[in-house]
Amino acid sequence: MSRIGTLAAAAASALVLMSLSAAAQELKIGIKTEPSSLDPQFHTLNPNIQVAQHFFDALVKQDASLKPQPALALSWKPIGDTTWEIKLRPGVKFHDGSDFTAEDVVFTYERVPKVPNSPGPYTIYTRSMKSFEIVDPLTLRIHTNGPAPLLPLDLAALPILSKKAMAGPAAEGKTSAELNAGNGLVGTGPFKFVEWQRGSRIVGERNDSYWGEKPAWSKVILRPLSNNTARVAALLSGDVDLIEDPPTTDLAKLKTDPKIHLDRAISNRVIYIHLDQHGEPPIAIPDTNGKNPLLDKRVREALSIAIDRKGIADKIMEGVAVPAGDLLPYPMGGTRKDTPVDPYDQAKAKTLLAEAGYPNGFSITLGTPNGRYINDLKIAQAVAAMWTRIGVKTEVDAAAPPVFFKNRDSFKYSAYMAGWGASTGELSNALKALLATPDRPKGMGTTNSGRYSNKAMDAKLEEALVTVDDAKREALLAEASKIAIQQDHGLIPIHFELSVWAMKKGLTYEGRADQNTLAVGVKPAK
């Protein structure tokens, strides 16, 4: 190499080092959705959850594959059938310098049902808790209403607040409005809250006294950029260092850009189709003389094997999806390595329809949100075309997400496509919500708008929900899933989304199955 070439290379290397040095002080992340609140107990919404995790810790944390790990709790164990003993981490300080103790944990859990007007209450995670017993400042016993094997996973969803900082005249202490203004927003997390300018940025500074792994960044700025084009443009221009969820149409360009690096991870989100099985007459199926073809297992199987999942993953999702045969990818809790994905076989699908008494098919409408999941409308249109080819003449009814979910919950669709991310990383979450026989007082089937019901599946699931032994519980969940999906085709899994993060060269991110973007996981490349 010539002297000029050597000098140029050295200069380029110096620029990279300078860039990384600057980045090590400040990290700017383009997030897709701004949180609705900074109160970590106001709404169980993913954008709220990922922002809260910058400032707060829970007793239990989930690693990138959602396996529970010690956090503010060093250990947890059942004592008998209805008590869990938790040993807390010593020496932890809140951001204001006060000590973390069992009193803060009890205050946090008792505040949950007091938060008013919550559109997605955290009571789903405290429902099993009956009472609390503080043994000493670092030992807590939680007494439950019955066997609660999933309590450690519930604890992972409950960020711990400071009893001292949260004191206030309202029943819940500091109100959600006060927390949104930064008043009382004191946690033990890797960053301290600095400011929230709605629509512009959320800022945190590094907690140098953090008990865990210290962030590489002295400051983090989260910029809400909901527009896909604007988010990519901000990355390419250097306005942000990392973005979440780049659109699939831009992935080819980003892959070949020498200044950009991509990281990805399989997610806990399954895209699926639910089929109305409530009875007769059917919903919006006009040409079957009042008979509901979706009650026939052969018809449901035909609709499943008529879908070319690999084609959808490769062509529509541009490789950022994995064909699904279950509600969670292996090896998450309760899944099996040998779970089959329904094969693409339109000839057999036609045969099954004929055997069920529909040789000429029937007409159906497929409901879908437009803009909630990656390429959701395109996927629904592809499925409609595939079903039409086997004689099930399908029209797509696409709606903005709020309208779609209202229609779904009002049972207006004979078939609908949606997504589900099991935050616990275990099949119990998805089976309980999507496939259990609807029973709202028991919290069963709360999102089962296809109204599938199988008593044998329910029995396996209910047994699993009170089985503390992890291996036995996961075996029961696998059996329940096999009944509902592989045998009954109670709903039709299509694929698991692959989450993608795009960042400037010189950074890495360990992608998470829950699709959250956490600044502490962004690091300068080694």
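The model is a predicted one, in which local features need pLDDT of at least 70 and side-chain atom pairs count only at pLDDT 80 or more, while totals for chains, interfaces and linings use all residues. Residues are numbered from 1 along each chain as its sequence is written, and side-chain values use heavy atoms, with hydrogens and water left out.

**Asp-57**

Select Asp-57 first, in the loop between helix 2 (46–55) and strand 2 (60–62); helices (H or I, at least four residues) and strands (E, at least two) are DSSP runs numbered from the N terminus. Asp-57 is buried but has no salt bridge, and the nearest side chain of opposite charge, that of Lys-61, is 7.7 Å away. Here buried means under 20% relative accessible area, exposed over 50%, and partly exposed in between, with a 1.4 Å probe and protein chains only. A salt bridge is a side-chain nitrogen of Lys or Arg within 4 Å of a carboxyl oxygen of Asp or Glu, and for charge Lys and Arg count as positive and Asp and Glu as negative, with His and the chain ends not counted. If you then show residues in contact (heavy atoms within 4.5 Å), leaving aside neighbours within four places in sequence, those touching Asp-57 include Leu-72, Pro-159, Tyr-210 and Trp-211.

Next, colour the four strands that form an open, antiparallel sheet in the order 4-5-7-6, where two strands pair if DSSP finds at least two bridges between them. The edge strands, each pairing on one side only, are strand 4 (73–78) and strand 6 (129–136). Strand 6 pairs with strand 7 (residues 139–144) over six bridges in the antiparallel sense, and Ser-131 has His-143 in strand 7 as its bridge partner.

**Backbone geometry**

Select Leu-66, in the loop between strand 2 and strand 3 (68–70), where phi is near 75°, a positive value in a residue other than glycine; Leu-66 is buried, with a relative accessible area of 2%. Asp-245 also has a positive phi, near 55°, but is partly exposed, with a relative accessible area of 22%.

Finish at two cis peptide bonds. One runs from Glu-280 to Pro-281, with omega near 0°, and Pro-281 sits in the loop between strand 12 (260–275) and helix 9 (297–305). Another joins Tyr-330 and Pro-331, with omega about 10°, and Pro-331 is in the loop between strand 13 (321–323) and helix 11 (346–355).
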